Amino acid sequence: MIRAARRFLRSGPAAVVGSVILLVVLGAAIGAPLLAPNDPLDIVSMPFVWPGDDATVPLGTDMLGRDIYSGIVHGARVSLEIGFLAGIVTTIVGLIIGAAAGYFGGWIDQTVMRISELFQIMPSLLLTIAIVAVMGSSISNIVFGIAVTGWPQVARLVRAETFRIRSGDFVQAARVMGFAHSRILFRHVLPNVLAPAVVMVSIVAGSAILTESALAFLGLGNPNLVTWGSMIGAGREVLRSEWYMTAIPGAAIFITVLGLSLVGNGLNGLLNPRRNVAA
Amino acid sequence: MTFSWNTASLAVDASTDAAPGIVHAAHEVAPSKSVLDVQGLTTAFRAAGGWRDVVKGIGFSVGENETVAIVGESGSGKSVTALSVMRLLDGSSSRSAGKILLQGKDLLSLSERRMQQIRGNDVAMIFQEPMSTLNPVLSIGAQIGEALLLHRNLSRDAIKAETLRLLDRVRIPSARQRFDEYPHQLSGGMRQRVVIAMALACQPKLLIADEPTTALDVTIQAEILDLVAEVQRDIRSSVLFITHDMGVVAEIADRTIVMLDGRIVEHGRTAELFKAPQHVYTRRLLAAVPRLGSMEGLQRPARFPTVDPITGALGPTAEVVDTVAAAHPPLLEVRNLVMRFRSAGGLLTKAQGRVHAVENVSFIVNAGETLALVGESGCGKSTTGRSIVGLAKPNAGQVLIEGTDVLAGPAAATRPLRNQIQMIFQDPYGSLNPRMNVGDAIAEPIIVHRHARKSEARDEAVELLRLVGLSPDMAARYPHEFSGGQRQRVCIARALALKPRLIIADEAVSALDVSIKAQVVNLLLDLQESLKTAFLFISHDIAVVERVSHRIAVMYRGEIVEIGPRSAVLGNPQHPYTRQLLAAVPNPDPDLRRAHSLRAPSEPVSTVRPLDYVPPERAYRQVAPDHFVHAEPDETALAA
């Protein structure tokens with residue numbers, strides 16, 4: 001485990017930068033009450049204070065005089081929570097469906113793939129908006145909405161990998177030895193598709209953060225929570241004069257998603273068994 | 001010009017068990033005028049933490065009209081040498097030093113632009129895999145024409161005429177119709193002919209062939225070797241032939257260079273090198289090469305002779321003790337096995353024909369006996385093996401293990417009987433789960449089927465590792481930490497875990513290097529002797545088959561055309577196909593070189609038949625006790 005971590009960090013500067021970004025965001029999310037004691041919904045100062053003008057509100061205030069720094073720090077909680085929940089839920093659903101389709105093939109595969117196409121031809125953001133609009137904007141509903149639209153891409157990836165592995169000699173060997181399907185699937189096939197699936201977690205998490213932001217921007221987020229998306233939404237009206245109100249949360253989203261993507265790349269290198277041979 | 005030996009190449013690595021006193025063995029002096037002259041070539045690849053030398057200061061030359069073979073096992077640096085000469089290695093991850101003189105020009109000092117003019121024009125290359133060498137979306141005429149267009153300033157009509165001439169030159173029948181065909185419409189041998197035609201387009205001074213026949217069947221291989229020899233004489237070019245196959249070397253090369261671990265260990269005239277190999281590695285290599293006919297006079301399978309690692313002296317050929325125990329019912333009996341697939345039928349298109357992959361195949365395997373199933377790709381030998389273990393479901397026929405039909409009845413009921421038969425696959429890299437350590441992999445079937453406790457199963461796995469010649473502490477390692485030969489040993493240990501009485505070895509040694517192949521074959525024979533295991537040995541390599549088998553069944557177009565004791569089938573072949581197969585096997589003895597014949601290429605016969613095809617009734621003619629042959633040769637039988 002420690003060796004793996006060391007190899008991951010040595011795999012290149014990108015992975016290191018990515019993990020540092022994620023650790024900072026994670027630290028902000030966990031330590032939010034300590035790092036930013038102001039409630040992000042409280043009015044703490046004059047409105048429209050530019051960043052750097054007032055030391056008590058380092059990143060300035062919005063049009064209601066709410067602390068942007070607090071918003072960013074507390075918003076990290078929501079973003080990470082939704083990102084990781086959606087990433088993990090989507091990946092698990094996609095993993096199970098994709099592995100079953102790829103391993104059993106035939107009509108199971110055909111059915112699953114036609115259903116996944118049904119979801120893929122729908123604009124995913126619109127579908128998520130519809131789900132959240134109907135079911136309410138709690139975090140679990142948002143995660144559900146993202147998972148419903150996100151699972152097909154994971155399932156397709158896993159299915160393709162499973163196909164490749166299923167025809168491999170070691171799966172044939174397991175069949176010759178008379179192992180049950182469940183043993184072959186869980187002991188021989190799944191461990192070998194896990195690597196790309198783990199990488200998918202970070203990719204889906206990145207897009208989930210973007211989706212949540214889009215929902216919040218459109219006013220479909222939870223009004224009692226300050227998120228990066230809702231901050232951008234709020235700053236939209238004064239974009240021409242007080243552009244920092246959108247730029248700062250925008251940068252937070254950009255950097256976090258970048259961090260996730262860099263970590264995903266690093267994991268891909270780490271989990272690829274062929275690279276392990278070389279290392 | 002003489003051989004230029006870099007000092008680095010003179011020092012033989014102490015770890016390569018050089019015989020004392022024998023450093024380098026140069027049998028002769030190179031011809032006076034050389035086309036290619038390589039001096040002190042060192043090629044390195046970027047590896048973790050620096051550069052790793054793969055080719056270590058080698059020097060050799062290729063004279064005019066001469067065929068020089070570089071022979072070596074995987075990792076010897078032979079292919080890297082070829083790619084270095086062509087400068088086809090990625091510049092960012094590799095570097096070459098030394099001199100590569102092509103007709104006096106140093107290729108390593110040329111600009112990439114100059115090099116592009118030289119490739120194809122002065123030096124051409126033929127690769128191993130003809131399907132991936134050709135562009136699948138261009139017709140073969142267009143691809144050959146492209147080579148002409150780039151390097152020779154010809155008009156459209158002239159290009160077409162020249163392309164047709166080249167297709168004729170490589171003996172592709174009805175070239176005019178083939179002109180517009182695409183690579184997937186051609187057989188492997190035809191594709192390799194197209195690749196050769198492309199290489200010939202500009203009449204290069206030097207032709208580099210990197211394992212050009214390795215992916216081909218043995219009869220096609222013989223044709224391609226003949227073609228290369230003929231073409232070389234014709235356009236008066238030199239050939240640098242990279243191969244792992246000593247038989248091919250003996251067949252084609254004027255001079256031979258033996259490479260080991262990036263260095264040249266021996267070079268010389270092919271005839272002399274084969275007759276009196278100096279370096280211990282060459283001796284070991286030659287001892288490990290299976291020779292068809294080397295088993296004459298022996299009744300039972302025999303191990304490959306061992307080579308003394310210090311002196312290089314050959315040990316005796318150890319014949320296996322008699323293990324065959326015929327009984328009624330026999331261990332395995334296959335009766336009238338039939339396996340057909342629909343072909344070329346899509347969702348909306350009707351199937352045009354049926355593949356008769358296995359047609360009415362019957363044979364028995366006795367306890368402790370090895371039956372070899374030989375034939376070329378697509379003859380149905382693997383499908384037969386796969387249906388016996390249940391990986392493929394036959395359309396008709398019976399598979400009886402100790403008299404019980406395991407195809408009939410519920411799978412659970414026949415499981416204990418089925419466990420009597422295990423399988424080893426061709427690819428040692430693919431047949432182990434990369435994420436499971438070797439000890440767990442071997443213990444798994446013991447836990448699942450024999451309900452052993454985990455600790456007991458682990459102990460047994462360690463015992464099995466010892467049995468196949470691996471050390472017990474390797475149990476904790478993962479497959480990627482093993483070499484190809486070691487992995488195949490692990491697969492054998494795993495197959496033995498259920499104490500099977502028959503092991504189906506599907507091309508189990510085909511992917512291994514010669515010396516490793518000999519070791520694994522010897523291991524299989526040891527196991528047969530100590531455990532009385534029977535083998536169904538599926539292989540296209542008749543020279544290996546001769547060594548391991550008690551009986552041989554020859555398959556052709558899904559049917560067994562000849563079956564009998566090994567000495568009878570090989571010594572007195574009756575079916576024309578068996579004869580053709582035996583004649584095509586390259587002999588690793590330059591004195592017995594086949595006369596290069598200018599045969600028309602043979603198209604592999606297809607097993608696709610029309611939907612209404614009814615296979616004819618077959619009768620077998622008895623030649624000798626236990627030796628049977630198809631009474632009436634097939635209607636498309638070869639005119640041999």
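**Exercise 1. How many helices and strands does chain B have?**

Solution. The model is predicted: local features need pLDDT of at least 70, side-chain atom pairs count only at pLDDT 80 or more, and totals for chains, interfaces and linings use all residues. Residues are numbered from 1 along each chain as its sequence is written, while chains are lettered from A and ligands numbered from 1 in the order in which they are written.

Step 1. Helices (H or I, at least four residues) and strands (E, at least two) are DSSP runs, numbered from the N terminus.
Step 2. On this basis, chain B has 21 helices and 24 strands.
Step 3. Chain A, by comparison, has 12 helices and zero strands.

**Exercise 2. Describe how helix 7 of chain A packs against helix 5 and helix 4 of chain A.**

Solution. 
Step 1. Two packed helices are described by the angle between their axes and the distance between the axes. Axes are lines fitted to C-alpha atoms, for helices over the stretch in contact, and angles run from 0 to 180 degrees between N-to-C directions.
Step 2. Helix 5 (residues 106–120) and helix 7 (residues 139–166) of chain A have axes 9 Å apart, at an angle of about 135 degrees.
Step 3. Angles under 35 degrees count as roughly parallel, over 145 as roughly antiparallel, 65 to 115 as roughly perpendicular and the rest as oblique. Helix 5 and helix 7 of chain A are therefore oblique to each other.
Step 4. The contact is made on one side by A:Ser116, A:Phe119 and A:Gln120 of helix 5, and on the other by A:Val148, A:Thr149, A:Pro152, A:Ala155 and A:Arg156 of helix 7.
Step 5. Ala, Val, Leu, Ile, Met, Phe, Trp, Tyr, Cys and Pro count as nonpolar, Asp, Glu, Lys and Arg as charged, and the others, Gly among them, as polar. This contact has four nonpolar, three polar and one charged residue.
Step 6. The axes of helix 4 (residues 68–104) and helix 7 of chain A come within 5 Å and cross at roughly 35 degrees. The contact of helix 4 with helix 7 of chain A has 21 nonpolar, seven polar and four charged residues.

**Exercise 3. Which elements give two or more residues to the side of chain B that touches chain A?**

Solution. 
Step 1. The contact joins 20 residues of chain B to 18 residues of chain A.
Step 2. The elements are helix 14 (411–418), strand 17 (421–424) and helix 15 (438–450) of chain B.
Step 3. Helix 15 of chain B gives the largest share, three residues.
Step 4. By class, this side of chain B has nine nonpolar, seven polar and four charged residues.
Step 5. For the complex, the predictor gives an ipTM of 0.75 and a pTM of 0.80.

Technical notes:
Contact = placed C-beta atoms within 7 Å.
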